[in-house]
Amino acid sequence: MTAAQTGEREATAPPGGDAAADPLLSVRNLQTHFFSREGVVKAVDGVSFDIKPGEILGIAGESGCGKSVTSQSILRILPRNGKIVGGEILFDNGESSVDLAAEEADGRVLRDIRGKEIAMIFQEPMTSFSPVHTIGDQIIETIRIHQDVSKEEAHEQAVEMLRRVGMPNPARNIEEYTFNLSGGMRQRAMVALSLSCRPKLLIADEPTTAVDVTIQAQMLELLRDIQADLGMAIIMITHDLGVIAELTDRVMIMYLGKEVEHGTVEDVFHRPQHPYTRGLLASIPKMEPGRVEIEPIEGVVPSPYAMPTGCKFHTRCPDYIAGVCEKQDPPLTAVGPGHEVSCYLYGGREELE
Amino acid sequence: MREAGGRAQMEDRAIISVRNLVKHFPIETGFLRRQVGVVKAVEDVNFDLNEGETLALVGESGCGKTTTSHCIIQAQRPTSGRVLFRIGDAAPMDLTQMEKAELKEARRNIRMIYQDPYSSLNPRMTLLQIIGEPLVIHKMAGSQEALREKVAELLRLVRLDPSTMNRYPHAFSGGQRQRIAIARALSLSPKVVIADEAVSALDVSVQAQILNLLKELQNQLGLTYLFVAHNLAVVKYEADRVAVMYAGKIVEIGETEELYTNPRHPYTEALISAAPNPDPDTKNRARIVLAGEVADPGNLPPGCAFHPRCRYAEDRCRREIPELVEVGGEMGPSHRAACHFASELELAGISGGAEEPEREQA
Amino acid sequence: MTEVEAATRLETAAAEEQADQRVLVASQWQLIRWRFLQHKLAVVSLAVLVIFYLVAIFAEFVAPYDPYIFREDLTLAPPHTIRFIDPEGRFQLRPFVHPFEKTLDSVTYAAIFVEDETVMQPLGLFVRGDEYKLWGLFESDIHLFGLQDPEARLSLLGQDTVGRDLFTRIVFGARISLTIGLVGVAMSFFLGILFGGLSGYLGGTVDMVIQRVIESLRALPTLPLWMALSIALPSDWPVVRTYFAIVIILSTVGWTSIARVVRGRFFALREEDFVGAAELDGAGNLRIIFRYLLPSFMSYIIARLTLAIPQMILGETALSFIGLGLQAPAISWGVLLKDAQAIRVLALSPWLLLPTLFVVVSILAFNFVGDGLRDASDPYTHV
Ligand SMILES: Nc1ncnc2c1ncn2[C@@H]1O[C@H](COP(=O)(O)OP(=O)(O)OP(=O)(O)O)[C@@H](O)[C@H]1O
Ligand SMILES: Nc1ncnc2c1ncn2[C@@H]1O[C@H](COP(=O)(O)OP(=O)(O)O)[C@@H](O)[C@H]1O
Ligand code: SF4
Ligand code: SF4
Ligand SMILES: [Mg+2]
Ligand SMILES: [Mg+2]
C-alpha cells in the first residue's frame, strides 16, 4: 500500500498508487451552494475526484446528493442562484491546466471547452435539441463553431457520427427533426450531437433514467462501444448502482453533497467500507436465483435546509460512534490502493482532539 | 348486487379474476375529432389474483399495466371483458357491470396506491384529513375522537409518528408520503391493494423500506397485492407470481422463481438480460440487447407483436398471433407463455449468462 | 447587497425557519402569507393600495373641499408651497401657506399667481370646511386636514381649469377609478369561473362552444373593441348607469382569460392522482369540486385577478381620456386627465397631469402585489 494510511489526501497527490497518466480533470474540494429564499443549500460541499483520459468514472448516490450539481459546476451551467464558493476544477486542455472554477462562466475559455473538450448528455434528450432545426443542422453548427472546416466537411463528419451511434439511415436521418424520432433514436442523436467534436470528456447525467430497460440496455451498449471506439473519458452520473457496475471503472459514492467513498467498482461493490455504501448495496434487490433479503437503511434523508453536523450520515448510520461522528466531518482515509472512505471507523479520530 | 354467473368461472383461490379484458382508446384528429384509429392499450387479458398472494405486472412503459389496473378498479371502464370479484364464499360479482353505488361498496375492498407520492396526496389537507377521508366518506368514522384514534392507529401501522397527524404533506419526504398513501389505502381494511409503481419514484434505500413494509403489512393483515412495476429486481423480491406484459397482452405468467430462472418467452429473456446487475463481475456477460422500440399499441405489427424485435422470429410469427398456453414443466400448469416456440426454445434466465442462441437471428 | 450579506441573511432566515416548527402544520393560506411577506416590494405595494382604498372610501372626509365648488379667482392656480419658516425667518411649528394674489401679465393677459407674503394661513387637522354627507348618510363639515380659515383655499396639487381643487378631485376620482377595476374583475371572475368551470367540468360540446366564443372574443383587439362598445352608450345616461356599462364593457374580454385558466386548471387537476384517489375513495362530484379542485387553484386565481385589475384601471382611464368612457360631471382619473389634453395646459399648468402619477402608482402597486401573490400562490412548488 503506497497511499497514506490516514489523514486527508494531499490536494495534489494522485489518487491511489497508479500515477501513470496525468488526470484529464481534477476536481479539488469543490463547494457549490444555492442561495434561495428558503435558505442556503450546500448542494456540493467538498468533493474531490480525478478522471484520467479514457477512463469511465461513475458518480452515484440518492436523489438530492449533488450529482447533477457537480456536473453543472464542471461545465459552469449552474442555475442563476447557484454559485461555486470554493475549490478548483482543473482541466487539462492539452497545453496547460485551466481552473474552470475560476473562469468566467460565459467567458471565452469555457465557451471553447463546452461542447468541444467536454460534452454533456442529459436525461431528457429533447432538451439538447432545438425543435425547429434538423438534427444535421445542429450537429453541423456545433462542429463549425469549434472547428475550422467547410460546410461539406462538417456534413460528412455529421453523417459519420450518426452512423457510429447506430442510426439506421444516417444520410436520411440527418435531415430529420427530433420530434419525428422515437425515444431510442433521439437518445442516439443526442449522443451523436454531444460527440460531434470528439470531446475528451463526456458527462452523462442520468441518461437512462427516463427510458425503458431495453432502451437503457441499448444506450449502455452504445456508450461502451463508442468509448472503445473514440477513447474519450466518461463521467456517468446515475442513482442506479446496476448501471454503475455495468459500465464504469471507478466510482464515487455521494451523500448529501459529500463524497463518502471512492475506489474501483470491484473494491466498492465487493468490499464496501463506508456504512452508507454498505447500506445502499444491501438495499438493492438482486437479480439472483433464490431468495436474497434486502436490508433498508433506516430513517430518511435529512432536508437540505437542516443538514446534520459532522458526518452527514450519522443520523442514519448503524455504526455511529457517539461523541465522535456528530462533531466534525470525517476526513478521507485510504483503506486500500485508490480506495478511500470518509468515516471515523477507518481513522481520523486522532485529529479530533 | 349483480351476480356474474356461477363459481365455475373463478378459480378456487381467486379473489379477482380478469376475463378477456379489453380497453381501446380512440385516436382522434382534427376539429371534428374524427376517429382515425384505435390504441389497443389492453387486448384480451386474463389472469387470476389469488387470495393472499402478490401478483406483479411487469413490462415497459406503455404496455398497458396502468390501464389494466384502472380497468380492474373501474377508474376507467373497460371496452369489454369481465372483472370478477369475490369476498369469501359469496357469489362472484362483475365489477364492470356495477353502478356507482355498488362500486363504492366494492371499492372499499379494492384500494389503490399511486406512483408519485407528491401528486397523490392533496397538499391542502392534513394527514388526519387525508387518511380519514375514506372513513368519513363511508361514514365509518364515528366521532371526531374515534377518527383521530383510528388515524393514529393507521399511522402506527405504517411506522409514522401519530403526533404528526396535523401536519400537511409538504412536511414529509417521498418515502414518508408513500407511507401516508399506504395508510390511506388501508383505512377501509381492504382485501386487495393495487400498487401502481408504488416504489418506482423512490430512492433505493427508501424503496427497500417500503418494499419490506408492504410485505409485513401483507403478513399482518392478509392482504392481496397487484403489484405493478417495471423494475425486474424489485418484482423478483416482492412478488409470488409475475405476469409479463407486452403491447397490451400478457406474454408470460408464472411463479416468480420459475419465471426468472426458466423464462419461456423471448421477451422475458431479454428483459431479464437487460436488467442492470449491481455486480461488476457480470460486467462482461453476454447481454441480449433488443433492437428497436417497444411496439406502439396504436399501430401493432401483425402476428406476434414482439416479432420485429425477436431474435427467434420465423415466418409463422409474422402471421399468427400466439396464444397464452401452458408450458408445463415440473412446475405444473401455472406457467404459461404466448410464443409459438415456447416449449422448444432454450432461453436463459437469471442463473447464468445468456447462452448463445441456437437459432440464427431473423 | 453583497453575496456574503445575502448568504448570512438567508442563513438566519433558514435558522428561524428551522426553529419554527409551525411550518410543518401550516395550512395553505399560512404558507402563502409567509411567502408573500418575504416579498418586500409586494408588501409595500399592498400598503400603498390599502391607503389608496381607504382614501377612496373616505373621500369626502380626506378631501379638504367639495369637488364641484369652484373659485373663479383661482382658475389654474399652481400648487402651494407649504412652509415652516415665516418671512422673518422664524420657525413655525404649524405649517402655513401664503394665499395667492392674482395679477395679469401685461403682455399676454395670462393669469399670474403671486404669493402674498404678508398673510400666513396655517394648516390644521380636522378643520371645518365644506359640508358633505359621507356615503350619503352622515352629515358633517369636518375634513381630515385643510386651512384653518374655511374661506381660504389650500392648493395642495393646484387648481383645475375652472378653479376646482385638483387634490380633492383626485381623491374623488380614486373612488371610481379604483373600484371600476375591482367591480370589473369581480364580474370577470364570476363569468370566468362559471364558463371556465362548465367548460372544464362538462367538456365535450359545451366546452367546444365556449372555447370558440372565447377565441373569437380574444381575437379582437381590446381597445378598439371597448371603443366600439362605448360609442353605443347614450351620452345622457346617469353616471351610475354609465359606470356599470363601462364595467361590463371592460369585463367582456377580462373573463375570457380567467375562463381559460379555470378550464386548464380543471383539466390538469382532474389528472392529478389525489383527485383520482378521492374518486376511488367514493367522494361525490360536489365534494371533489369543493374540497379538492377549487381550493387547489383559488390562490392562483386570486393572483391572476390582482394582475387583471390594473388592465381595467387603464382601460377606464383610456376610454374616459378619449371621451368614450365616463364624462363630467363624473369624476375619475381618466376624466381629470381629459382636462389636460390641451398642449397649452401642459406647458403652463403641468400639475393637471398629476392624476397620471396616481394611475401609474396604483397600477405598479397592483402589479407588484400580483407578482408577490403569484409567487406565493403555490406554496408547494418549492417546499
Ligand atoms: N387516455 C388515454 N388515451 C389514449 N391512449 C391512452 C390513454 N391512456 C393510456 N393510453 C395508451 O395506452 C397504452 C398503455 O398505457 P398504460 O398507461 O397502461 O401504460 P403503462 O404500462 O402503465 O406505462 P407506464 O410505465 O409509462 O406508466 C399506452 O400506449 C398509452 O399511450
Ligand atoms: N436551482 C436550485 N435551487 C436550490 N436548490 C437546488 C437547485 N438545484 C439543485 N438544488 C439542490 O441541490 C441538491 C443536489 O441536487 P442535484 O445535484 O440535482 O441532485 P441529484 O443527485 O439528484 O442529481 C439538492 O438538495 C437540490 O434540492
Ligand atoms: S463517520 Fe460515524 S456516522 Fe459517519 S459513517 Fe462513519 S461511523 Fe457512521
Ligand atoms: S412467437 Fe415468434 S416472434 Fe413471438 S416471441 Fe415467439 S418466437 Fe418470437
Ligand atoms: Mg439529478
Ligand atoms: Mg403506468
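Mentor: Helices here are DSSP runs of H or I, at least four residues, numbered from the N terminus. Keep in mind that this is a predicted model, where local features need pLDDT of at least 70, side-chain atom pairs need 80 or more, and totals for chains, interfaces and linings use all residues. Residues are numbered from 1 along each chain as written, chains are lettered from A and ligands numbered from 1 in written order, and side-chain values use heavy atoms, without hydrogens or water.

In chain B, H5 covers residues 174-186 and H6 covers residues 204-221; their axes come within 10 Å and cross at roughly 20° (lines fitted to C-alpha atoms over the stretch in contact, with angles from 0 to 180 degrees between N-to-C directions). H5(B) is therefore roughly parallel to H6(B) (under 35 degrees; over 145 is roughly antiparallel, 65 to 115 roughly perpendicular, the rest oblique). On the H5(B) side, the contact uses Gly175(B), Gln178(B), Arg179(B), Ile182(B) and Leu186(B) (heavy atoms within 4.5 Å). Facing them from H6(B) are Val206(B), Gln209(B), Ile210(B), Leu213(B), Leu214(B), Leu217(B) and Leu221(B). By class, this contact of H5(B) with H6(B) holds eight nonpolar, three polar and one charged residues (Ala, Val, Leu, Ile, Met, Phe, Trp, Tyr, Cys and Pro are nonpolar; Asp, Glu, Lys and Arg charged; the others, including Gly, polar).

Now for chain C. Helix H9 (residues 273-281) and helix H10 (residues 285-321) of chain C pack at about 175°, with axes 11 Å apart. H9(C) is thus roughly antiparallel to H10(C). Phe274(C), Val275(C), Ala278(C) and Glu279(C) of H9(C) touch Ile288(C), Tyr292(C), Leu293(C) and Ser296(C) of H10(C). That contact of H9(C) with H10(C) has six nonpolar, one polar and one charged residues.

In chain A, H3 (residues 135-146) and H4 (residues 151-164) pack at about 115°, their axes 9 Å apart. H3(A) also passes H4(A) in a right-handed crossing. H3(A) brings Ile135(A), Ile139(A), Ile140(A), Ile143(A) and Arg144(A), while H4(A) brings Lys151(A), Ala154(A), His155(A), Gln157(A), Ala158(A) and Leu162(A). The contact of H3(A) with H4(A) divides into seven nonpolar, two polar and two charged residues.

On to the ligands. Around ligand 2 there are 14 residues (a heavy atom within 4 Å). Oxygen atoms of ligand 2 lie 3.0 Å from a polar backbone atom of Gly64(A), 2.7 Å from a side-chain N or O atom of Lys67(A) and 2.5 Å from a polar side-chain atom of Ser68(A).

Ligand 1 is surrounded by 13 residues, with Ser61(B), Gly62(B), Lys65(B), Thr66(B) and Thr67(B) the closest. A polar backbone atom of Gly62(B) is 2.7 Å from an oxygen atom of ligand 1, and a polar side-chain atom of Thr67(B) is 2.6 Å from one.

Lastly, the shell around ligand 3 includes His274(A), Cys311(A), His314(A), Cys317(A), Cys325(A) and Cys343(A). By class, the ligand 3 shell has eight nonpolar, two polar and one charged residues.

Terms used
Helices (H or I, at least four residues) and strands (E, at least two) are DSSP runs, numbered from the N terminus. A polar contact is a pair of N or O atoms within 3.5 Å; within protein, one must be able to donate a hydrogen and the other to accept it, and residues adjacent in sequence count only if both atoms are side-chain atoms. A crossing is left-handed if the near helix is turned anticlockwise from the far one by less than a right angle, and right-handed if clockwise.
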